[in-house]
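Hello,

Here is the structure I promised to pass on. Please look it over, then read my notes below.

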Amino acid sequence: MAEASCHDNKGKRKQLELASASKAPPMKVISATELGRIGRIPKRTKNNSLHAVKALDVVVEHGSCAAKRPGAVLVFVSHRWLSPHADSSQADADDRRGSKARALVEWAKWFKWALKVGERVSGLPTGELTSHCKEVYFWIDQACVNQDDPAPHMAALPVYAACSHLTLCYHTHDYDGRAWCQVERMISYVYCSTGDMLPVVRQGFLNKNQSVAQVERW
């Protein structure tokens, strides 16, 4: 019997179960649908985690098709916060217009379309994901990390990257200047089994059912 791929439903579930059995905080994610509904990237705190859900629960809930392809795709988002502040409680990963949230929602729409028509998305082995994808879920630090106590989550960052199907870079003019962004990219390349460039999205991205060749890669 062939071993489960880390990208198919069985393999992804096993990865997340192993991660949950460790001392790392459970990986949480937010759906593109929820992100679009609220129009912003919510801030998870000790007393507010309504929008983020456990990645393992998501994988189990959405299940897989007959070919064992996952119904939920987990995307690790590497980015710089657009509204930094000396007071961390005032900082925000997005701007006041919710530009990043909108771009991510649009990218998720494009991603699902690309899978449906058989486009090969950078960072994914050919055939690993299909049109069975029902929903895209993002791991975004602001929404998925307890901002009141982020250290344990940051220590588990390589685990979250490894448990995702792929990494998406939200590129801004200052992205390359932050060490964390470079670390996230390097970690993501380690877990990219195809050796591909990572997909990139920028502010203002719109889904126009464009081909993969028309969407940026890194």
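Strands β3 (residues 72-78) and β4 run parallel, joined by 5 bridges. Strands here are DSSP E runs of at least two residues, helices are H or I runs of at least four, and both are numbered from the N terminus. A pair needs at least two DSSP bridges. V75 stands opposite F138 in β4.

On provenance: this is a predicted model, where local features need pLDDT of at least 70 and side-chain atom pairs need 80 or more, while totals for chains, interfaces and linings use all residues. Residues are numbered from 1 along each chain as its sequence is written, and side-chain values use heavy atoms, without hydrogens or water.

Strand β1 (residues 28-31) also pairs with β4, in the antiparallel sense, over 2 bridges. There, S31 has Y137 as its bridge partner.

β4 (residues 135-139) is mostly covered, with 5 of its 5 residues buried. Buried means under 20% relative accessible area, exposed over 50%, partly exposed in between (1.4 Å probe, protein chains only). E135, Y137 and W139 point one way from β4; V136 and F138 point the other way. In a regular strand, side chains alternate between the two faces of the sheet.

Overall, the protein has 8 helices and 6 strands. Their order along the sequence is α-β-α-β-α-β-α-β-α-α-α-β-α-β. Of its 218 residues, 50% are buried.

Regards
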